[in-house]
Amino acid sequence: MTIYISQLYLMNTLSQWLIALAYIAGGIVVAKVAYFIFKRISKGLVSHSKSMLDDVLVETLEKPVILAITILGFYIGMKHLNMTDDITLIISNTVKVLIVICITWFIVRLVNAIVQEYMEPAIDSSNSKSKRQLLPIITKVITITIWILGVIIAFNTIGYNLAGLIAGLGIGGLAFALAAKDYLQNIFGGISVFTDKPFSIDDRIKIDGFDGKVEEIGIRSSRIRTLSGSLVTIPNSMFINNSVENVALEPTRKIMLRLGLTYDTNAQKMKESMDILKAIVADNQDIVTEEPVVFFENFADFSLVLLFIYYIRKEADIPQAQNKINLDILDRFEKAGLEFAFPTQTIYNIKQ
């Protein structure tokens, strides 16, 4: 079947459609070639520069430039077609929006690249936890702000007042506000964490049943590595509505231990047991010697109870310190002939 070049297809001849498609395909090909050239030549030029700014600009310009060339090819191709005024307006507005998005994308990439190349190394070298905590939040806030401004400018470019559009949504706007409430509450929680500083990165905290080390504090959520090794993501709003225990800030770890001795332990042996506990504290460098508490607490149902309270130094290995204390107690009490009690029952059989 013969195909006539002059035959009309949707108000355009086949040749016009082929030319338009050629421009669009050509834009994609030129974009690919430009990407290759940009990568090879421009990076070779900036490699001789001592400033890192040139490398940052080249790195951030690559993909937005490719997208811009592709958009340009699409626009030129569409201009070769005869279309109704409505379709022409839609295509023109689409191209304008894409161009604004392309420029916004470049600015966001540039900001993130500058943060990675300049600010992160400077903060890492300063060893400042508060700055390391603040940087991701500031970066995300700036990124979101740039994108919001970009969207507003894009809508204004095609003749839409975005503020008026949102205000005119009515019930839809109310639904959007309710949906965004939790998100905003999490953002305010993140700001509260930074301003109040209840904890920092690498601090061990306890909140809502979770116990672990803080690995990341974000603008919406924070991540905690629990003692079991799992990574838990916690919405920042929880830090507003729940109590947070910062284990890392405790000066010492308080350990409370109750020891039950058998009822055949006399008063002299009870005094000896208390002296042994005080001696264990004095002999252990991981324990704060000024604060131990040892006393005869109670006559329990099955035992004579000693209350032993001691404090482990913050810098010590707490599980190992407890382990050493417990082994010392077991060893010294055994050598002194002190027996630990356990629930027992004596039954008397009285014969009539």
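In which sense do β3 and strand β7 (residues 245-246) pair, and over how many bridges? They pair in the antiparallel sense, over two bridges. This is a predicted model, in which local features need pLDDT of at least 70, side-chain atom pairs count only at pLDDT 80 or more, and totals for chains, interfaces and linings use all residues. Residues are numbered from 1 along each chain as its sequence is written, and side-chain values use heavy atoms, with hydrogens and water left out.

**View 1. Five strands in the order β6-β5-β4-β3-β7 form an open sheet with antiparallel pairing.** The edges belong to β6 and β7; each has a single partner strand, so one side of each is left without a neighbour in the sheet. Here, strands are DSSP runs (E, at least two residues) and helices are DSSP runs (H or I, at least four), numbered from the N terminus. Two strands pair if DSSP finds at least two bridges between them.

**View 2. Strand β3 (residues 204-207) has a covered and an uncovered face.** Ile 205 and Ile 207 make up the covered face, while Arg 204 and Lys 206 make up the uncovered one. As a friendly reminder, side chains in a regular strand alternate between the two faces of the sheet. β3 also pairs with β4 in the antiparallel sense, over four bridges, and Ile 207 has Phe 210 of β4 as its bridge partner. Two residues lie between β3 and β4 in their hairpin, and Asp 208 in the turn has a positive phi of about 50°.

**View 3. Two hairpins follow one another through β4, β5 and β6.** Strand β4 (residues 210-217) and strand β5 (residues 221-226) run antiparallel and are joined by five bridges; look for Gly 212, whose partner in β5 is Thr 226. The β4-β5 hairpin has three residues between its strands. Next, β5 and strand β6 (residues 231-235) pair in the antiparallel sense over five bridges. Ser 221 stands opposite Pro 235, and Ser 222 has Ile 234 as its bridge partner. Four residues separate β5 from β6 in their hairpin, where Gly 229 in the turn has a positive phi of about 100°.

**View 4. A second open sheet has three strands in the order β8-β10-β9, with antiparallel pairing.** β8 (252-261) and β9 (293-299) stand at the edges with a single partner strand each, so one side of each lacks a neighbour in the sheet. From one strand to the next, the twist averages 25°. β9 and strand β10 (residues 304-313) run antiparallel and are joined by six bridges, with Val 293 opposite Ile 309 of β10. Helix α8 lies across β8, β9 and β10, running at about 10° to β10. Axes are lines fitted to C-alpha atoms, for helices over the stretch in contact, and angles run from 0 to 180 degrees between N-to-C directions.

**View 5. Helix α8 (residues 267-283) packs with helix α9 (residues 318-335) at an angle of about 140°, their axes 10 Å apart.** That makes α8 oblique to α9 (angles under 35 degrees count as roughly parallel, over 145 as roughly antiparallel, 65 to 115 as roughly perpendicular and the rest as oblique). Residues in contact (heavy atoms within 4.5 Å) include Ile 276 and Ile 280 of α8 and Ile 325 and Phe 333 of α9.

Definitions and conventions:
Buried means under 20% relative accessible area, exposed over 50%, partly exposed in between (1.4 Å probe, protein chains only).
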